[in-house]
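Take a look at the sequence and the structure below.

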Amino acid sequence: MQLESMYQEIILDHYRNPHGRGLREPFEAEVHHVNPTCGDEVTLRVHIENDTAGDPILSDVSYEGMGCSISQASVSAMYDLVVGKPVPEALETGEHFMTLMQSKGDASVAEKLEDELEDAVAFAGVSKYPARIKCALMSWMALKDASARALSAAHPTTTPGGAEA
Ligand code: ZN
């Protein structure tokens with residue numbers, strides 16, 4: 001199978017059967033990002049928990065979205081890549097995805113990032129179409145935004161108590 005059609009197959013598969021879709025609780029931050037040039041939208045929540053070493057781990061990334069197949073498949077592939085990872089590592093993966101999107105279809109870039117990006121490397125072909133790059137990047141921007149908000153808001157949770165008289 002041609003690489004290009006294999007990539008298309010992966011994207012369509014994520015689009016048809018999105019991984020981790022749905023908004024879940026608990027979460028520390030929720031963001032809504034839009035890509036007006038294409039009409040794509042995503043609402044994304046992050047749930048961050050500290051591991052035993054005190055490092056923030058992305059315990060869950062939940063989302064709802066609508067729009068083109070690239071935008072919706074991208075968030076599904078991202079979900080697979082980042083859930084369970086330490087936040088800095090997940091954001092670094094996002095940087096690598098950004099590099100892929102700037103590769104203008106250079107196959108050697110995709111090859112180098114293949115192990116790191118897993119299914120997300122299938123978006124390599126998108127980098128040839130400047131108008132579609134934003135579709136693929138939207139979910140990663142949302143993740144970066146939500147993670148930053150969650151971490152800056154991080155403080156010991158005080159339960160309101162729910163004392164309704
Ligand atoms: Zn789009």
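Asp-60 counts as buried, because its relative accessibility is 14%. Buried here means under 20% relative accessible area, exposed means over 50%, and partly exposed lies in between (1.4 Å probe, protein chains only). The model is predicted: local features need pLDDT of at least 70, side-chain atom pairs count only at pLDDT 80 or more, and totals for chains, interfaces and linings use all residues. Residues are numbered from 1 along each chain as its sequence is written, and side-chain values use heavy atoms, with hydrogens and water left out.

Which residue does the side chain of Asp-60 meet in a salt bridge? The partner is Arg-24, at 2.8 Å from N to O. Asp-60 lies in strand β3 (residues 56-66) and Arg-24 in the loop between α1 and β1 (29-35), so the pair ties together parts that are 36 residues apart in sequence. Helices (H or I, at least four residues) and strands (E, at least two) are DSSP runs, numbered from the N terminus. Arg-24 counts as partly exposed, at 26% relative accessibility.

## More salt bridges

A salt bridge is a side-chain nitrogen of Lys or Arg within 4 Å of a carboxyl oxygen of Asp or Glu. By this rule the count comes to six.

| Pair | Distance, N to O |
|---|---|
| Asp-60 and Arg-24 | 2.8 Å |
| Glu-95 and Lys-144 | 3.7 Å |
| Arg-149 and Asp-145 | 2.9 Å |

Look at Glu-95 and Lys-144, whose side chains meet in a salt bridge. This pair links distant parts of the chain: Glu-95 is in helix α3 (residues 87-101) and Lys-144 is in helix α5 (residues 130-152), 49 residues apart. Glu-95 is partly exposed, with a relative accessible area of 42%. Lys-144 is partly exposed too, at 45%.

Arg-149 counts as partly exposed at 45% relative accessibility, and Asp-145 is partly exposed at 22%.

Asp-40 is buried, with a relative accessible area of 0%.

## A negative patch

Glu-9, Asp-13, Asp-80, Glu-111, Glu-114, Asp-115, Glu-118 and Asp-119 form a negative surface patch. Patches are made of residues with over 30% relative accessible area and no salt bridge; like charges are joined within 9 Å, and nonpolar side chains (Val, Leu, Ile, Met, Phe, Trp, Tyr) within 5 Å. Asp and Glu count as negative, Lys and Arg as positive, while His and the chain ends are not counted.

Which helices each supply at least two residues of the patch? They are α1 (3-16) and α4 (107-117). The largest share, three residues, comes from α4. Glu-111 is found in helix α4. Glu-111 is exposed, with a relative accessible area of 61%.

## Backbone details

Glu-118 is also in the negative patch. Glu-118 has a positive phi of about 45°, although it is not a glycine. Its place is the loop between α4 and α5, and it counts as partly exposed at 47% relative accessibility.

Lys-104 likewise has a positive phi, near 55°, in a residue other than glycine. Lys-104 lies in the loop between α3 and α4. Lys-104 is exposed, with a relative accessible area of 70%.

The loop between α1 and β1 holds Pro-26. A cis peptide bond joins Glu-25 and Pro-26, with omega about -5°. Asn-17 also has its place in the loop between α1 and β1. Asn-17 is partly exposed, at 47% relative accessible area. The C-alpha atoms of Asn-17 and Ala-73 are separated by 8.7 Å, with the two residues 56 apart along the chain.

Technical notes: Accessible areas come from the Shrake-Rupley method with a 1.4 Å probe; for residues, only the protein chains shown count as cover. The place of a charge is taken as NZ of Lys, CZ of Arg, CG of Asp or CD of Glu.
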